[in-house]
Amino acid sequence: MVSIKSEREIELMREAGRILACVHDELGKALKPGMSTFEVDQLGDHMIRSYGCIPSFKNYNGYPASICVSVNDEVVHGIPKKHRLLKEGDIVSLDAGVIYKGYHSDAARTYGIGEISQEAKQLIAVTKQCFFEGIKLAKAGNHLNDISAAIQSYAESFGYGVVRDLVGHGIGSHLHEDPEVPNFSQKRRGVRLRPGMTLAVEPMINAGRYDVSWLEDNWTVVTDDGSLSAHYENTILITEGEPEILSLYC
Ligand code: MF3
Ligand code: CO
């Protein structure tokens, strides 16, 4: 069942989203060559708690950290490690969630470490734009999967692979709520969007083919062809007009 949030719930989700945007802004600025993915998680965990929030991901289905840190061919859910050091030329996706007074916000960004290749820059920019292309369709009365179809067609116009095995989701008092929000689909499928729905829209885009696998740790998702992958996500609110992006600005 897809829930419609009350004005009170929406206010709490706005604040959760704003705080998460602050966390992402600060994490993005802190990234530098030589930093371990473990340090990224520690910094993020402390920041989230300093805002009076709880990290949504910590211990979620046994996930051991607060920030998912996924490097290069890692798509999502990379587990932070003391020995995994970021280096010049890497791309790194940071996915984070916060709980503020019982309400979740979920967002991801992909950054380059120092100078990165033109190909990597384009992948990061297109993945971000996939989100914005998708939410152009996030209007009351449209079908949910109109968002998905827009994301897919934009990504594929660059020859990129749209990950099929993971999807976005509804969000609210739980991290994952109905409906699923795929990044690929035919138009005119899925539920009709209604004001008060809150969704985590999260394109996961591979520079190569869309196939992915899970590593032995049962979390880290990697591209099968070894190509780079990027992730961009925000929590949005469906309104009577344009969607409101809750996790964009600090
Ligand atoms: N943005 C991801 C998702 O919505 C984050 C979940 S990571 C987990 O699925 F560790 F919490 F599982
Ligand atoms: Co999510």
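A polar contact is a pair of N or O atoms within 3.5 Å. The model used in these exercises is predicted.

**Exercise 1. Ligand 1**

*Solution.* 
- Step 1. Check Asp106. One of its polar side-chain atoms lies 3.0 Å from an oxygen atom of ligand 1.
- Step 2. Check His176. An N or O atom of its side chain is 2.9 Å from an oxygen atom of ligand 1.
- Step 3. Check Glu202. Here the separation between a side-chain N or O atom and an oxygen atom of ligand 1 is 3.2 Å.

**Exercise 2. The cobalt site**

Which protein residues donate to the cobalt ion (ligand 2), and why is the arrangement irregular?

*Solution.* 
- Step 1. List the protein donors of the cobalt ion (ligand 2). They are Asp106 (OD), His169 (NE2), Glu202 (OE) and Glu233 (OE), at 2.0 to 2.2 Å.
- Step 2. Read the spacing of the donors along the chain. It is D-x62-H-x32-E-x30-E.
- Step 3. Glu202 sits in the loop between strand S9 (198-201) and strand S10 (204-206), and Glu233 in the loop between strand S13 (229-231) and strand S14 (234-237), so the pair ties together parts that are 31 residues apart in sequence.
- Step 4. Judge the geometry. Six count as octahedral if opposite donors are over 155 degrees apart and all others between 65 and 115. The six donor atoms around the cobalt ion (ligand 2) subtend angles of 67 to 169°, and the arrangement is irregular.
- Step 5. Check burial. Glu202 counts as buried at 7% relative accessibility. Glu233 is buried too, at 0%.

**Exercise 3. Strands S2, S4 and their partners**

Is strand S2 (residues 67-71) enclosed or open, and to which strand do five bridges join it?

*Solution.* 
- Step 1. Count the buried residues of S2. Five of the five are buried, so the strand is largely enclosed by the rest of the structure.
- Step 2. Sort them by face. Ile67, Val69 and Val71 lie on one side, with Cys68 and Ser70 on the other.
- Step 3. Find the partner. Five bridges join S2 to strand S4 (residues 91-100), and the two run antiparallel. Ser70 stands opposite Ser93, and Val71 has Val92 as its bridge partner.
- Step 4. Look at S4 itself. Nine of its 10 residues are buried, so S4 is also largely enclosed.
- Step 5. S1 pairs with S4 in the antiparallel sense over two bridges, with Pro55 bridged to Val98. S5 pairs antiparallel with S4 over 10 bridges, and Asp95 has Ala108 as its partner in S5.

**Exercise 4. Backbone exceptions**

Most residues other than glycine have a negative phi, and most peptide bonds are trans. Locate the exceptions at Asn59, at Lys101 and between Asp178 and Pro179.

*Solution.* 
- Step 1. Take Asn59. Its phi is near 70°. The residue lies in the loop between strand S1 (54-55) and S2, and it is exposed at 58% relative accessibility.
- Step 2. Take Lys101. Its phi is positive, near 45°, in the hairpin of S4 and S5, which has two residues between the strands. Lys101 is exposed at 60%.
- Step 3. Take the peptide bond. A cis bond joins Asp178 and Pro179, with omega about -5°. Pro179 is in strand S8 (residues 177-181).

**Exercise 5. The sheet that holds S8**

Give the strand order of the five-stranded open sheet, then describe the contacts of Glu177.

*Solution.* 
- Step 1. Write the order. It is S8-S7-S9-S14-S15, with antiparallel pairing.
- Step 2. Inspect S9 and S14. Four bridges pair them in the antiparallel sense, and Thr198 stands opposite Leu237 in S14.
- Step 3. Locate Glu177. It belongs to strand S8 and is buried at 15% relative accessible area.
- Step 4. Trace its contacts. The side chains of Glu177 and Lys5 make a polar contact of 2.8 Å. The Glu177 side chain also reaches the backbone nitrogen of His174 at 3.1 Å.

Methods:
Residues are numbered from 1 along each chain as its sequence is written. Chains are lettered from A and ligands numbered from 1 in the order in which they are written. This is a predicted model: local features need pLDDT of at least 70, side-chain atom pairs count only at pLDDT 80 or more; totals for chains, interfaces and linings use all residues. Side-chain values use heavy atoms; hydrogens and water are left out. Donors are N, O and S atoms within 2.8 Å of the metal (3.2 Å for Na, K and Ca); water is not among the atoms, so sites may look incomplete. Four donors count as tetrahedral if all angles lie between 85 and 135 degrees; four count as square planar and six as octahedral if opposite donors are over 155 degrees apart and all others between 65 and 115; anything else is irregular. Buried means under 20% relative accessible area, exposed over 50%, partly exposed in between (1.4 Å probe, protein chains only). Two strands pair if DSSP finds at least two bridges between them. A polar contact is a pair of N or O atoms within 3.5 Å; within protein, one must be able to donate a hydrogen and the other to accept it, and residues adjacent in sequence count only if both atoms are side-chain atoms.
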